[in-house]
Amino acid sequence: ESALRVEPRKGDVFAKEKFQTDKSFILFISFEGDIEGFFGIGLSEELTLKIVEQMTNGGSTPKTIDAMTISCITEFVSMIKGNLIKRFDEASINCKIQRADFILAEEIPKIEDKVLTVMARSDIGDFELNMLLKTK
């Protein structure tokens with residue numbers, strides 16, 4: 001929220017039999033420890049470009065996904081990762097981040113467990129938050 005200066009609003013919440021999306025890109029963060037699982041934030045190409053524009057305070061209005069766009073989104077993933085590590089630490093949850101990447105939807109790891117999906121609406125577009133959390 002703070003990096004993008006947008007206020008997300010919760011939309012539909014539903015379960016899926018496995019991790020799949022119709023979005024073009026995924027911000028994928030997986031972790032293991034006291035809690036195991038992942039967060040996969042599905043983004044359309046349009047939303048990805050709007051995120052970059054928001055992160056650069058309108059200083060860059062990309063038209064395509066290029067090296068600069070990928071670099072900016074990768075920084076966004078790092079910010080989310082840092083916030084997640086901080087939240088785990090504040091809650092005294094011992095977890096290690098396994099992977100934090102910006103990936104194409106077709107590169108989604110094969111995860112056959114049920115996944116919770118929360119749609120979040122914002123002024124810049126709809127985010128699709130997919131998550132799987134398991135405790136040991």
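This is a predicted model: local features need pLDDT of at least 70, side-chain atom pairs count only at pLDDT 80 or more; totals for chains, interfaces and linings use all residues.
Strands here are DSSP runs of E with at least two residues, helices are runs of H or I with at least four, and both are numbered from the N terminus. Residues are numbered from 1 along each chain as its sequence is written.

Let's follow strand β2, residues 25–33. With β3 (residues 35–43), β2 makes an antiparallel pairing over seven bridges; strands count as paired if DSSP finds at least two bridges between them. One residue separates β2 from β3, and the two form a hairpin. β2 also pairs in the antiparallel sense with strand β4 (residues 95–104), over nine bridges. There, E32 has K96 of β4 as its bridge partner. Eight of the nine residues of β2 are buried, meaning under 20% relative accessible area with a 1.4 Å probe, protein chains only.

Now step back to the whole chain. The protein has two helices and six strands, arranged along the sequence as β-β-β-α-α-β-β-β. Its radius of gyration, taken over C-alpha atoms, is 15 Å, close to the 14 Å that the globule rule gives for 136 residues, so the protein is as compact as a globular protein of that length. That rule is 2.2 Å times the number of residues to the power 0.38. Of the 136 residues, 42% are buried. Among contacts (heavy atoms within 4.5 Å) with a separation of 6 or more, 66% join residues 24 or more positions apart.

Technical notes: Side-chain values use heavy atoms; hydrogens and water are left out. Buried means under 20% relative accessible area, exposed over 50%, partly exposed in between (1.4 Å probe, protein chains only).
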